[in-house]
Amino acid sequence: MRQILLEHVLEDGQIVRVVQGDLTAETVDAMVNAATEHLMHGGGVAGAISRRGGPVIQRESTAWVRAHGPVPTGSAAITAAGSLPCRFVIHAVGPIWGTGDEEAKLASAVHSALDLADERELRSISMPGISSGIFGFPKPLCAHVMLGAILEWLGEHPESSVREVNACNIDGETARLFEAEARRRFEG
């Protein structure tokens, strides 16, 4: 069940939400996949997106890597969404914890995802705690970096087509950490 834990309207009318729920059920223009460089969608968020969206997501991802090479950490690629309730999946590659410069790489992955949404003139996007699962990025730091990157990008792009950004996590711990970070930023 989807629950909005926090919603904040920025000065330029952009909306930032913290949501606890199933990312693959988000009705948005694009959902962000926490991807690997080779866009192999086997487990975690990537596996859930691929299973729910159908084989077109993996086919297009494989074709993307074949045409362009692996997606560098800190950047993103975009594919169709198959049977997901969105138009596109943006595959953002976050860092593996312990590889160095992780905070900057995570912020770059968030910015890259938002850049792709803006290039496609999308209005709404929903993203999980990138790198906070099997990549081992500490969840509190992930919430801090991701919300900071989202707010920085929105502040630098007030005229963007992107008007709604959801931080959506299915597990309660991650969702609560994003909520606490958002409250600190918006209410503190």
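**Burial, helix length and a pocket**

Biologist: Which residues of helix 2 are buried?

Modeller: Ile57, Gln58, Ser61 and Val65 are buried in helix 2. This is a predicted model.

Biologist: What puts them on the same side of helix 2?

Modeller: The arc around the axis. They cover only 90° of it, so they share one side of helix 2. On the other side, Pro55, Arg59, Arg66 and Ala67 are exposed.

Biologist: What covers the buried residues of helix 2?

Modeller: The cover includes helix 1 (44-53), strand 4 (76-80) and strand 5 (88-93).

Biologist: How do you know what span to expect for helix 2?

Modeller: Take 1.5 Å times one less than the number of residues. Helix 2, residues 55-68, has 14 residues, and the expected value is 20 Å. From first C-alpha to last, helix 2 reaches 20 Å, close to expectation.

Biologist: What comes just after helix 2?

Modeller: Gly69, with a positive phi of about 90°.

Biologist: Why does the span of helix 4 agree with its residue count?

Modeller: Helix 4 has 18 residues, which should span 26 Å at 1.5 Å a residue. Its end C-alpha atoms are 26 Å apart, so the two agree.

Biologist: Which residues of helix 4 are buried?

Modeller: Among them are Cys142, Met146, Ile150 and Trp153. Their cover comes from several elements, including strand 2 (15-20), helix 3 (102-119) and helix 5 (172-187).

Biologist: Where is Ser132?

Modeller: Ser132 sits in the loop between strand 6 (124-127) and helix 4 (139-156).

Biologist: Why does Ser132 count as buried?

Modeller: The cut-off for buried is under 20% relative accessible area. Ser132 has 9% relative accessibility, so Ser132 counts as buried.

Biologist: Which residues does Ser132 touch, not counting those up to four places away in sequence?

Modeller: Phe137, Lys139, Cys142 and Thr174. Cys142 is itself one of the buried residues of helix 4.

Biologist: What is the volume of the largest pocket?

Modeller: About 520 Å³. Its lining has 30 residues, and the closest to the centre are Ala34, Gly44, Val45, Ala46 and Gly133.

Biologist: Which element supplies the largest share of that lining?

Modeller: Helix 1, with 4 residues. Strand 3 (30-35), helix 1 and strand 7 (164-169) each give at least two.

Biologist: How many lining residues are nonpolar, polar and charged?

Modeller: The lining of the largest pocket divides into 13 nonpolar, 14 polar and 3 charged residues. Gly counts as polar here.

Key:
Residues numbered from 1 in each chain as written. Predicted model: local features only at pLDDT ≥ 70, side-chain atom pairs only at ≥ 80, totals over all residues. Heavy atoms only, no water. Buried < 20%, exposed > 50% of the residue type's maximum accessible area, 1.4 Å probe, protein only. Arc of directions from axis to C-beta. Contact = heavy atoms within 4.5 Å. 1 Å grid on protein atoms, 1.4 Å probe; cavity = no way out; pocket = protein on both sides within 12 Å on 5 of 7 lines; lining within 4 Å. Points joined across faces, edges and corners; volume = space filled by probe spheres on them.
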